[in-house]
Amino acid sequence: MSQENETAKGKLCFVVGPIGSSGSEVRKHSDMVLHAIIKEVIDSLDLSYEVRRADDDVRPGMIGDRIIHDIINSDLVIADLTGLNPNVFYELGIRHAVGRPTIHIAKIGTVLPFDNSGHDTLFVDVTDWQDIVRTRGRLSASIRAINDPNYRVSNPITQSNASYALKSSEDPRDIVLAEVNDRLSALETKQLAGPWKQRGRRTHVNSDRLIDEFIEMFMSRIKNVEAENEKVSLAFNYGELLGLDIANVRIKGDKLQFNASGRLISIALDGTEASILFDDDGTASVRMERR
């Protein structure tokens, strides 16, 4: 067994995230994620992982050195982004830089920074048993995928390095691919997820323009998100990105509804249509449909 990764079982799954003091709400959340989700999933898989969190480490030496060592050398890192802890994002950046498998998890409602919002994240409500069970299933699938021989790590740094390599290539085909990738990234950044058909009357142009951008961006992703709690988190994330005041997000029948900048927004969970309603009488001012 290599000196870099000495564990009792052969492979190391290192968990990074806010730990908090004993008895604190932060610690309760962290312990639920560790014991009710991560360890339950690892124990159910016959993949020979040992799960380790920094406060479980009894090895002698500087704890900071051991943490950095495990971040770099672990076979798998699971990063809990709940609370947007600066140390966690520092550690996550190191892990992304070494290009090794990483899974993101966060408390439902966590608004992720823009650079991380495009990375698949498992959002969970640790107070909801059914949600814990669903998250276990998704985590299990993610770990199995990582252990597939054909799996390739993808994160903001690996994507940037790949794009730079294409641009530096002398092969004209690589240069064209790099230009196409840049254009696609620009489209995604500007949230040009259309096309849309729009009907109805328009008021408060500036506010409505942001709401339209929000809907276009949100609808382009919602159809690929299965869990309802992740659809809710997606609404908060995109609202934060565009500077919209998103509130009262809830699932109502086959619609996701929320308030944004004085409007009631209703979006079909299958991503086919959306309505912008007046708060006072519920009359639809604008309806949008995907072509």
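Predicted model: local features only at pLDDT ≥ 70, side-chain atom pairs only at ≥ 80, totals over all residues.
Trainee: How many residues does α3 have, and how far does the helix reach?

Mentor: Helix α3 covers residues 86–98, which makes 13 residues. From its first C-alpha to its last it reaches 19 Å, close to the 18 Å expected at 1.5 Å a residue.

Trainee: What caps the N-terminal end of α3?

Mentor: The cap is Asn85, with a side-chain oxygen that lies 2.8 Å from the backbone nitrogen of Asn87.

Trainee: Which way do the residues of strand β5 point?

Mentor: In a regular strand the side chains alternate between the two faces of the sheet. In β5, residues 121–124, Thr121 and Phe123 point one way, while Leu122 and Val124 point the other way. All of them are buried.

Trainee: In what sense do β4 and β5 pair, and over how many bridges?

Mentor: Strand β4, residues 102–107, pairs with β5 in the parallel sense, over four bridges. Within this pairing, Leu122 in β5 has Ile105 opposite.

Trainee: Why does Ile246 count as buried?

Mentor: The cut-off for buried is under 20% relative accessible area. Ile246 counts as buried because its relative accessibility is 11%. This residue is found in strand β7, residues 246–252. Between Ile246 and Arg263 there are 9.9 Å in space, C-alpha to C-alpha, and the two are 17 residues apart in sequence.

Trainee: How many cavities of 30 Å³ or more does a search of the whole structure find?

Mentor: Rolling a probe the size of a water molecule over the atoms shows where empty space is left. Here the search finds one cavity of 30 Å³ or more. The largest cavity has a volume of about 50 Å³.

Trainee: Which elements supply the lining of the largest cavity?

Mentor: Both β1 (11–16) and α1 (25–44) supply at least two residues each. The largest share, four residues, comes from α1. Among the lining residues are Val15, Val16, Ser30, Val33, Leu34, Ile38, Arg53 and Asp80.

Methods
Residues numbered from 1 in each chain as written. Heavy atoms only, no water. 1 Å grid on protein atoms, 1.4 Å probe; cavity = no way out; pocket = protein on both sides within 12 Å on 5 of 7 lines; lining within 4 Å. Points joined across faces, edges and corners; volume = space filled by probe spheres on them. Buried < 20%, exposed > 50% of the residue type's maximum accessible area, 1.4 Å probe, protein only. Pairing = 2+ DSSP bridges. Expected span 1.5 Å × (residues − 1). Polar contact = N/O pair within 3.5 Å; in protein donor to acceptor, adjacent residues only side chain to side chain.
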